[in-house]
Amino acid sequence: MEVKELQQLGADELVDKEKQLVQELFNLRFQFGSGRLENPMQIRKTKRDIARVKTILQQVKARAEGSKK
């Protein structure tokens, strides 16, 4: 997922995206444990996407608090 795409999303959409990625990570870990995961690098990619979403979400919250002051 591209950073520019994430920056265009609203706070609610980012929270939904984070939940979706956490669920995907759970499924990937389950597949890895059972030996059915074809590409283990998918786990790393998903973790990084979660981190990107959390970072953008923090930036959105900080921007919203900054505009209130």
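In which segment is Met1 found? I located Met1 in the segment before helix H1 (3-7).

**Basis.** I noted that this is a predicted model, in which local features need pLDDT of at least 70, side-chain atom pairs count only at pLDDT 80 or more, and totals for chains, interfaces and linings use all residues. Residues are numbered from 1 along each chain as its sequence is written, and side-chain values use heavy atoms, with hydrogens and water left out.

**Met1.** I looked up the accessibility of Met1 and found a relative accessible area of 35%, so Met1 is partly exposed. The classes I used are buried (under 20% relative accessible area), exposed (over 50%) and partly exposed (in between), with a 1.4 Å probe and protein chains only. I then listed the contacts of Met1, leaving aside its neighbours within four places in sequence: Leu6, Lys17, Lys45, Asp49 and Arg52. Contact here means heavy atoms within 4.5 Å. I also looked up the pair Met1 and Arg48, which are 47 residues apart along the chain, and read a C-alpha separation of 9.4 Å.

**Helices H2 and H3.** I next turned to the packing of helix H2 (residues 11-34) against helix H3 (residues 41-68), and found an angle of about 160° with the axes 9 Å apart. That angle makes H2 roughly antiparallel to H3. The axes are lines fitted to C-alpha atoms, for helices over the stretch in contact, and the angles run from 0 to 180 degrees between N-to-C directions. Angles over 145 degrees count as roughly antiparallel, under 35 as roughly parallel, 65 to 115 as roughly perpendicular, and the rest as oblique. I recorded the crossing of H2 and H3 as left-handed, that is, the near helix is turned anticlockwise from the far one by less than a right angle (clockwise would be right-handed).

On the H2 side, the residues making the contact include Ala11, Leu14, Lys17, Glu18, Leu21 and Phe32. On the H3 side, I noted among them Gln42, Thr46, Asp49, Ile50, Val53 and Val60. The residues of the contact of H2 with H3 divide into 14 nonpolar, 2 polar and 7 charged. In this count Ala, Val, Leu, Ile, Met, Phe, Trp, Tyr, Cys and Pro are nonpolar, Asp, Glu, Lys and Arg are charged, and the others, Gly among them, are polar.

**Core.** I looked up the largest nonpolar core and found 12 residues in all, including Leu6, Leu37, Ile43 and Leu57. Such a core is a set of buried Ala, Val, Leu, Ile, Met, Phe, Trp, Tyr and Cys residues joined through side-chain atoms within 4.5 Å. H2 and H3 each supply at least two residues of this core, and H3 gives the most, with 6 residues. I checked Ile50, another member of the core, and found that Ile50 touches Leu21, Val22 and Leu25, not counting residues up to four places away in sequence.

Is Glu18 buried or exposed? I found Glu18 in helix H2, and at 18% relative accessibility Glu18 counts as buried. Leaving aside neighbours within four places in sequence, Glu18 is in contact with Val53, Lys54 and Leu57. Asp49 lies in helix H3 and is also buried, with a relative accessible area of 7%. With the neighbours within four places again left aside, I found Asp49 in contact with Met1 and Leu21.

**Partly exposed positions.** I noted Gln20 in helix H2, partly exposed with a relative accessible area of 46%. Gln20 and Ile50 are 30 residues apart in sequence and 9.3 Å apart in space, C-alpha to C-alpha. I placed Gln59 in helix H3, where 36% relative accessibility makes Gln59 partly exposed.

How values were computed: Helices (H or I, at least four residues) and strands (E, at least two) are DSSP runs, numbered from the N terminus.
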